[in-house]
Amino acid sequence: MDFPRQPAAQQPKSPVDSSQSMPYYGLCFVGGALSSSIRWIKTPLDNVKCNMQVYPSIYPSFRQGLVVIYRSEGVRGLYRGLVPTVLAYGTQTGVKYGMYEVMKSKITSLINDDQVVREYRGLIYVASAACAEAVADVLMCPWEMLKVRTQTDPTFPKKFLHGLRLISTEPSFPFGSLAPLMCRQLPSTIVNFYTFENTVNLIYKHGLKKPKESCNTMTQLGVTFAAGYGAGFFSTTCSHLPDSLVSLKARPEFANASYVSIIRQVGLWELSTKGLGPRVAITGSVIGFQWLFYDSFKTCLGLGTSGGSEE
């Protein structure tokens with residue numbers, strides 16, 4: 001990602017400006033948190049996906065899953081778990097985008113060598129994304145546990161406060177799912193940011209064949225969405241196995257089982273493929289729209305779009 005450009009005389013040569021202020025990072029957090037709103041709208045798809053992973057015999061396909069939930073609980077049932085979804089992904093996405101900007105800037109500042117930064121910018125993307133997601137996952141984990149439990153356990157309270165009070169009495173709360181959550185989120189976010197940054201650079205260099213600064217705002221946002229959607233597809237596919245494990249931990253019979261035991265009982269292929277289609281439809285498109293929303297927010301505030309600044 002690039003940062004707001006300084007006057008030409010002060011413009012650094014490195015691909016990352018390391019002199020940003022806390023207000024800038026705060027705005028990146030706000031933009032990231034608001035960009036998660038697309039995830040809230042798609043709660044019914046997430047609901048079906050989780051139940052397909054947990055109860056594949058009852059929800060054998062995405063279409064049938066929608067029908068089963070709608071017939072038994074109506075529209076309210078499709079949006080079951082909306083409040084913890086908002087809390088989980090609002091927190092996670094805001095911290096992820098904000099911390100990514102912070103870490104990338106700080107790492108570049110520590111290196112303090114333009115040539116080294118350009119040569120190893122891929123590693124800077126990876127390290128920054130990993131650090132940002134690790135912090136985000138800790139804050140996300142309690143709400144993600146509550147979300148999955150609310151969506152997949154028919155005996156669990158559907159009201160947010162009632163569910164929170166109940167799950168807070170369980171010994172595994174609030175970080176019982178942190179390990180599989182990180183196994184899901186860390187590779188997903190690393191692939192997401194690495195793919196996005198490099199795809200944006202490739203589009204400007206080989207597709208449009210001109211620097212980002214010479215393109216108008218709509219073109220830049222189009223590049224953002226294209227790169228974001230591609231990043232979403234790859235990041236979703238590589239993280240589906242741990243996502244299935246997070247969902248299955250909500251089943252009572254797997255609550256105290258080890259992840260190795262779950263893999264042996266359910267099967268690696270089943271865990272890697274069941275619910276993948278709807279998850280790509282949800283998360284792949286969500287990530288594309290998140291990048292678009294995030295960059296639109298930054299553009300409205302005069303902060304510019306992300307990526308595409310490398311020579």
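**Notebook: helix H10 and the enclosed space**

I looked up the packing of helix H10 and found that its buried residues (buried: under 20% relative accessible area with a 1.4 Å probe, protein chains only) pack against helix H9 (178-207), helix H11 (240-248) and helix H14 (276-300). Contact here means heavy atoms within 4.5 Å; helices are DSSP runs (H or I, at least four residues), numbered from the N terminus.

I note that this is a predicted model, in which local features need pLDDT of at least 70, side-chain atom pairs count only at pLDDT 80 or more, and totals for chains, interfaces and linings use all residues. Residues are numbered from 1 along each chain as its sequence is written, and side-chain values use heavy atoms, with hydrogens and water left out.

I checked confidence next: the mean pLDDT (the predictor's confidence in each residue, from 0 to 100) of the chain is 87. Over residues 1-19 pLDDT stays under 50. Where pLDDT is low, the predicted coordinates should not be read in detail.

I returned to H10, which covers residues 217-238. Among its buried residues I listed Leu221, Val223, Ala227 and Gly228. At its start, a side-chain oxygen of asparagine 216 reaches to within 3.3 Å of the backbone nitrogen of methionine 218.

Helix H5 (82-111), H9 and H14 each supply at least two lining residues.

Technical notes. Expected span 1.5 Å × (residues − 1). Buried < 20%, exposed > 50% of the residue type's maximum accessible area, 1.4 Å probe, protein only. Polar contact = N/O pair within 3.5 Å; in protein donor to acceptor, adjacent residues only side chain to side chain.
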